[in-house]
Amino acid sequence: MIPIENIYYLLCYAWNRLEEKELMNVSTIEVPDLPNLLAKVLLKGTKALINRGLDKQYIAEQNLYQGIKGRVAFNYSLRKNLFQQGLAMCEFDELSVNILPNQILKTSLQNVVKLPTLDRKLKRDIQAVLYQLTDIDAIEIRSDTFSSVQIHRNNQYYLFLLNICELLHQNLSIHEKTGEVKFKDFLRDERQMARLFEEFVRNFYKIEVPEAKVFREDLHWQFTGEQMQFLPKMQTDISIQLPSNRKIIIDAKYYAETLQHFYDAEKIHSRNLYQMFAYLKNQPNQQAEGILLYPTVQKSLSLTYTYEEHRIRVETLNLNQPWMEIKRDLLLILDRKSSELETHSTENI
């Protein structure tokens, strides 16, 4: 089981919002599960936004006025004989908190507060905050709602909380008839966790190894021939170029079990190995080292295989340990030199 504290740190790194680690000291609080953690983070972040002032934007309003405000809708006012009543339909821009980022926050809080497993005190605190958001409309959140939010320098402090909202949206299910809310444990969803783990590892090395260039890399097949457009795209999860001219390609993979079972024997996932071998064989002009990195909470591995000048390592990262030890292990994986690695025969692959 991955500790709640470590999940929070994974999210902070994966979303490239490391400063939000200080939003809440998760090591000092007790939360029974992930939904309660996400709800607590969302609550604390929303309260911080309210204290500093919710973001506002000018939005178009249309209303009846005695007199004139903004632009007069003459055609409508004449058609309805409003002028004879001393009224006019006016159009104007009003500075309002009823904007999309705030609507997403309010709706997410309204949804998460319905969870039957939510801590009672946390539920009361969320309901108290919702009373402060009465000027904001609840909306129907869809998957494309989040891409419609415009993030800029003045409202980037919303980004982490909107990431939390999106994660809740992806994993909260609301029964249409009963309104019952359930949380799907995304830790059991290999697709979601694979994306999260990859983004976590990539951003971890970007932040913690600033002297390195960390990026996703498009590789080109070292084939000759016609109609090259039919060859599949080849893109690494993580390429790391160190100042020492050492290059490392990391494929961050997430499986419920680190090794696959072939009859009664444990084997490395063959597709991962073939993919990494293709990355190394199609390096243009530089020798590179490949690492298949798997998270684990039980069985640890550190294997090395060589073929000609190519070296592939299989490493595991234990997520069921204190966060500082996870950080240490990730840095050690990168720092481990070729001479320190035990070489194994490729016959066992």
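Here is a walk through some of the salt bridges in this structure. The model is predicted, so to speak of a local feature takes a pLDDT of at least 70 and side-chain atom pairs count only at pLDDT 80 or more, while totals for chains, interfaces and linings use all residues. Residues are numbered from 1 along each chain as its sequence is written, and side-chain values use heavy atoms, with hydrogens and water left out.

Searching the whole structure turns up 12 salt bridges, each being a side-chain nitrogen of Lys or Arg within 4 Å of a carboxyl oxygen of Asp or Glu.

Start in helix α7, residues 190–208 (helices are DSSP runs of H or I, at least four residues; strands are runs of E, at least two; both are numbered from the N terminus). Here Glu-198 and Arg-202 sit 4 residues apart, about one turn of the helix, and their side chains pair up at 2.4 Å, N to O. Glu-198 counts as buried because its relative accessibility is 13% (buried is under 20% relative accessible area, exposed over 50%, partly exposed in between, with a 1.4 Å probe and protein chains only). Arg-202 is buried too, at 9%.

Now look at Glu-208, which forms a salt bridge with Lys-327, the closest N and O atoms being 3.5 Å apart. This pair links distant parts of the chain, 119 residues apart: Glu-208 is in α7 and Lys-327 in helix α9, residues 323–335. Lys-327 is partly exposed at 23%, and Glu-208 is partly exposed at 22%.

Finally, Glu-289 meets Arg-246 at 3.2 Å, N to O. Glu-289 belongs to strand β13 (289–296), while Arg-246 lies in the loop between β9 and β10, 43 residues away. Both are buried, and shared partners join Arg-246, Glu-289, Arg-313 and Glu-315 into one salt-bridge network.
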